[in-house]
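Biologist: I am new to this structure and would like to learn how to read its features. Please take me through them one at a time.

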Amino acid sequence: MIFLRSLIFNVLFYLVLVVLCIIALPALLLPRGAMMALEGAWASISLFLMRVVCNIKIEFRGVEKIPKGPLVIASKHQSFWETFALVRFFDHPLFILKRELMMIPVFGWYLKKVGMISVERGGGPRSLIKTLKRAAAEVKLGRQLVIFPEGTRTAPGAVPNYKAGVAQIYAESGVPCLPVALNSGLFWPRRTFMRYPGTLVVEFLDPLPPGLPRDEFMTRLRDQIETATSRIVEAGRAEQAQLFGGVPSEAKG
């Protein structure tokens, strides 16, 4: 049943994306807010499908801790899921994306329209520094940057490896940083189309104030995210053991 539900969900998920891309073509001529509204609609429909088709309940904790205005959101990254599901909580969200995504017909047009920042992997230190400076400048203009400090998706329980880029953006932008913990990798694992039932939890943690020394910032950020993530991953695994007798192999660190 999990296999069949996963198959149905994926067909519907990408069908909805294609339909919305077609419907949204006129929005390319409208202000950026119109595109963000459509992005929010895609996220809401996807969460609905996850609940109805895959029996995945979504729980957002600590929403009241989200500061208003410009912000750096540093999130744990276990799945493709958080790349679309978190945007609904922010007025002007911003992501740093692979340049290849910008080159996808139609979909890439939308990414450019909403002002996402592309980065060329393998472009060297100069390219990376330029990207980080542009991201900090956009945050100063009032946007909320969602960044994954580890740089790539990691399986639940994997040894964390936080990059220095998040600290540079935090220091240059001079805004608070909101740490985010989650256990999405248990339910929407990387590198597979399988979707496993249970309660997917996202926890917005206590914001870090602007102006912290870099070393202190990185230590506090990593400790907050990893401590909360370990707690909710453990709870998610216990729930999965009750639901279907174990944890999916691709979701093990």
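Modeller: Start with contacts, where contact means heavy atoms within 4.5 Å. Leaving aside its neighbours within four places in sequence, isoleucine 96 touches Ile117, Val119, Thr131, Ala135, Leu145 and Ile169. The model is predicted, so local features need pLDDT of at least 70 and side-chain atom pairs count only at pLDDT 80 or more, while totals for chains, interfaces and linings use all residues. Residues are numbered from 1 along each chain as its sequence is written, and side-chain values use heavy atoms, with hydrogens and water left out.

Biologist: Where is isoleucine 96 placed?

Modeller: Helices (H or I, at least four residues) and strands (E, at least two) are DSSP runs, numbered from the N terminus. Isoleucine 96 is in strand E3.

Biologist: Is isoleucine 96 buried, partly exposed or exposed?

Modeller: Buried means under 20% relative accessible area, exposed over 50%, and partly exposed in between (1.4 Å probe, protein chains only). Isoleucine 96 has a relative accessible area of 27%, so it is partly exposed.

Biologist: How many aromatic pairs does a search of the whole structure find?

Modeller: Rings of Phe, Tyr and Trp (its six-membered ring) pair if their centres lie within 6.5 Å; planes under 30 degrees apart count as stacked, over 60 as edge-to-face and the rest as tilted. The search of the whole structure finds 18 aromatic pairs. In one of them, phenylalanine 3 and phenylalanine 193 are edge-to-face, with 5.3 Å centre to centre and 85° between the planes. Phenylalanine 3 lies in helix H1 (residues 2–23) and phenylalanine 193 in the loop between strand E6 (177–182) and strand E7 (198–204), so the pair ties together parts that are 190 residues apart in sequence. Phenylalanine 193 is partly exposed, at 31% relative accessible area.

Biologist: Which residues form one aromatic cluster?

Modeller: That cluster consists of Phe9, Phe13, Tyr14, Trp42, Phe80, Phe84 and Trp188.

Biologist: At what angle do H1 and helix H2 pack?

Modeller: Axes are lines fitted to C-alpha atoms, for helices over the stretch in contact, and angles run from 0 to 180 degrees between N-to-C directions. H1 and helix H2 (residues 32–54) pack at an angle of about 165°, and their axes are 10 Å apart. Residues of H1 including Phe9 and Phe13 meet residues of H2, among them Trp42 and Ile45.
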